[in-house]
Amino acid sequence: MIKFGYERQESSLLGVIFRPLAEIYIKKKGEEKWYRVLMIIDSGADVTLLPSMYAGILGVDLNECKKQKTRGIGGFADVYITDMEVRIGGEKMRTFVGFIEGDIPPLMGRTDFFGTFEVFFKRDEILFIKGDENEN
C-alpha cells in the first residue's frame with residue numbers, strides 16, 4: 001500500500017483548499033536517471049499530463065510523440081503523448097504521459113495508475129492499493 005497526503009493551498013476563489021498530491025519518479029528516456037515529480041492526483045484526467053517544458057528534461061522529443069487533440073476546462077489543446085517508465089512507491093511501471101503547452105500543474109491521470117491500483121480518496125490520505133494486496 002502506498003499513501004499520499006493532501007497539500008494545503010490558498011485559492012483566491014475558495015480560500016484554503018487541500019490538493020491530493022502524489023510523489024512519482026519518471027525515468028529519463030535513454031538514461032538511468034530518475035526525476036521526482038509531485039503531481040495532483042486527478043481522477044478526471046484520462047492520461048498523466050506534464051507541462052511541455054518537462055519534455056527536454058526527461059529526454060522526450062515532442063516531434064517523435066503522438067500528437068492528439070484534447071479537451072479540458074481550458075478548451076482544446078494539442079497533447080504530445082509518449083510511453084514512459086515511472087515509479088510510484090516501490091512499483092515500476094510503464095504509462096502514457098502527455099506533454100501540453102501552457103501553465104498547468106503536473107497531473108496524474110487514470111490510465112495505468114488506476115488500472116494497477118485501487119485508489120481511495122480518504123479524508124486525510126490517498127491510498128494506492130495493488131489488487132493482490134487486497135486478497136490477503
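**Entry 1: helices and strands**

I counted 2 helices and 11 strands in the chain. Helices here are DSSP runs of H or I with at least four residues, strands are runs of E with at least two, and both are numbered from the N terminus. Reading along the sequence, I noted the pattern β-β-β-β-β-α-β-β-β-β-α-β-β.

**Entry 2: what kind of model**

I am working with a predicted model, in which local features need pLDDT of at least 70 and side-chain atom pairs count only at pLDDT 80 or more, while totals for chains, interfaces and linings use all residues. Residues are numbered from 1 along each chain as its sequence is written, and side-chain values use heavy atoms, with hydrogens and water left out.

**Entry 3: the whole chain**

The C-alpha trace spans about 45 × 40 × 25 Å along its principal axes.

I then checked burial and found that 38% of the 136 residues count as buried. Buried means under 20% relative accessible area, exposed means over 50%, and partly exposed lies in between, with a 1.4 Å probe and protein chains only.

For contacts (heavy atoms within 4.5 Å), I took those between residues at least 6 apart in sequence; 49% of them join residues at least 24 apart.

**Entry 4: Thr48**

I found Thr48 in strand 5, which covers residues 48-51. Thr48 counts as buried because its relative accessibility is 1%. I saw that its side chain reaches the backbone nitrogen of Gly109 at 3.2 Å. This is a polar contact: a pair of N or O atoms within 3.5 Å, where within protein one must be able to donate a hydrogen and the other to accept it, and residues adjacent in sequence count only if both atoms are side-chain atoms. Not counting residues up to four places away in sequence, Thr48 also touches several others, including Met39, Phe96, Leu107 and Phe113.

**Entry 5: Val60**

I placed Val60 in the loop between helix 1 (53-57) and strand 6 (66-72). Is Val60 buried or exposed? Val60 is buried, with a relative accessible area of 9%. Leaving aside neighbours within four places in sequence, I listed its contacts as Lys29, Ala55, Cys65, Thr82, Met84 and Phe99. Phe114 is 54 residues from Val60 along the chain, and their C-alpha atoms are separated by 24 Å.
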